[in-house]
Amino acid sequence: MSSFRSGIAAIIGRPNAGKSTLLNRLLGEKLAIVSPKPQTTRNRILGAVSRPGAQLLLLDTPGIHQAKGELNRFMVDVALGAIDEADLVLYVAEAAIDARGNVEPGETAEQIAKRLRAAGKPVILALNKCDRLARPVLLPIIDTWRKLYPFTQIVPISALKNEGLDLLEQELTRLLPEGEPLLPADQLTDAPESFFVGELIREQVLRSCREEIPYSAAVVIDHFDESEREPLEERPGKALSGLVRIAATLFVERDSQKAIVIGKRGAMLKSIGEKSRHEIERLLGAHVYLSLLVKVEPRWSERVDGLGRMGYRR
């Protein structure tokens with residue numbers, strides 16, 4: 001009888017490398033929010049891929065970048081700290097060349113490689129967005145990354161188009177240590193539903209608002225009442241059943257930002273609320289009553305106590 005394998009793989013990389021899209025694809029469910037804007041992910045998010053004989057826990061993390069400001073330093077600390085907690089590392093990088101035709105990974109990649117050497121753990125490189133490149137262009141990119149670090153394996157993928165992910169999962173599973181499952185087989189994550197509700201609201205802010213507002217916005221769930229929610233086994237198929245009442249506060253840092261988020265006659269806030277509610281209903285499998293307020297918390301992203309109030313704690 002073969003031994004069971006289980007363990008944690010930390011997903012790291014620069015902002016907008018496609019880490020959250022990759023997590024969602026490997027899970028087969030939308031767990032992490034995604035947007036075209038960099039630095040979408042702020043907290044680490046654990047997702048479980050349970051298969052016969054193995055359980056792979058994937059730890060999605062914020063993008064590693066040159067951090068300026070308390071919030072950005074918090075995000076980088078979360079990402080680098082995940083390396084120490086994991087059994088292995090999944091480094092996601094964009095397969096790309098610059099305008100001059102160079103394939104230099106860059107200064108941030110050098111710093112990440114230095115941290116990986118210190119950790120001494122198996123590292124798989126997933127070169128993402130390979131669907132954009134012809135194979136003759138891809139080969140020198142692989143060679144350049146191979147010179148940067150002795151990766152256990154380099155796997156070209158396209159998370160968006162679901163290409164190369166079966167091989168990537170096989171390589172990750174092969175490196176897992178032997179051990180019992182860390183989560184029940186039917187459990188997708190260890191985070192509470194209220195956390196993902198807040199993330200879904202913030203996703204709509206990212207998608208709806210421009211300029212600095214998404215980076216100055218945070219969502220706090222004030223009330224999560226599921227007393228009228230139907231038990232899972234009593235729900236008719238995929239139809240929404242029961243009711244969950246949610247109250248949330250959307251914090252920004254300036255009065256001018258608050259005015260933009262609310263919009264003329266409340267139109268922007270209404271749109272954010274409606275789109276959020278539809279996504280939350282899909283997540284919870286229930287009808288949702290969502291109350292959404294906007295408040296100003298000056299410079300919260302620059303203060304440790306401000307981060308704590310928004311739920312960002314080291």
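**Reading burial and contacts in a predicted model**

User: Where does Thr40 stand, buried or exposed?

Analyst: Thr40 counts as buried because its relative accessibility is 7%; buried means under 20% relative accessible area, exposed over 50%, and partly exposed in between, with a 1.4 Å probe and protein chains only. Keep in mind that this is a predicted model, where local features need pLDDT of at least 70, side-chain atom pairs count only at pLDDT 80 or more, and totals for chains, interfaces and linings use all residues. Residues are numbered from 1 along each chain as its sequence is written, and side-chain values use heavy atoms, leaving out hydrogens and water.

User: Which residues is Thr40 in contact with?

Analyst: Contact means heavy atoms within 4.5 Å. Leaving aside neighbours within four places in sequence, Thr40 touches Ile33, Val34, Ser35, Arg202 and Leu206. Thr40 itself sits in the loop between helix H1 (19–27) and strand S2 (45–51). Helices (H or I, at least four residues) and strands (E, at least two) are DSSP runs, numbered from the N terminus.

User: What polar contact does the side chain of Thr40 make?

Analyst: A polar contact is a pair of N or O atoms within 3.5 Å; within protein, one must be able to donate a hydrogen and the other to accept it, and residues adjacent in sequence count only if both atoms are side-chain atoms. The side chains of Thr40 and Ser35 are joined by one of 2.9 Å, and the Thr40 side chain also reaches the backbone oxygen of Lys37 at 2.7 Å.

User: Now a helix, please. Which residues of H4 are buried?

Analyst: An α-helix has 3.6 residues a turn, so residues three or four places apart point the same way. In H4, the buried residues are Leu138, Ile141, Ile142, Trp145 and Leu148. They lie on the same side of H4 because they cover an arc of only 110 degrees around the axis, the arc being that of the directions from the helix axis to the C-beta atoms. The face turned away from that buried side carries the exposed residues Pro136 and Lys147.

User: What covers the buried residues of H4?

Analyst: The cover includes strand S4 (88–94), helix H3 (107–119), strand S5 (123–128) and strand S6 (153–156). Pro156 has its place in S6 and is partly exposed, with a relative accessible area of 31%. Among the contacts of Pro156 beyond four places in sequence are Leu138 and Ile142.

User: How much of the protein is buried?

Analyst: Buried residues make up 48% of its 314 residues.
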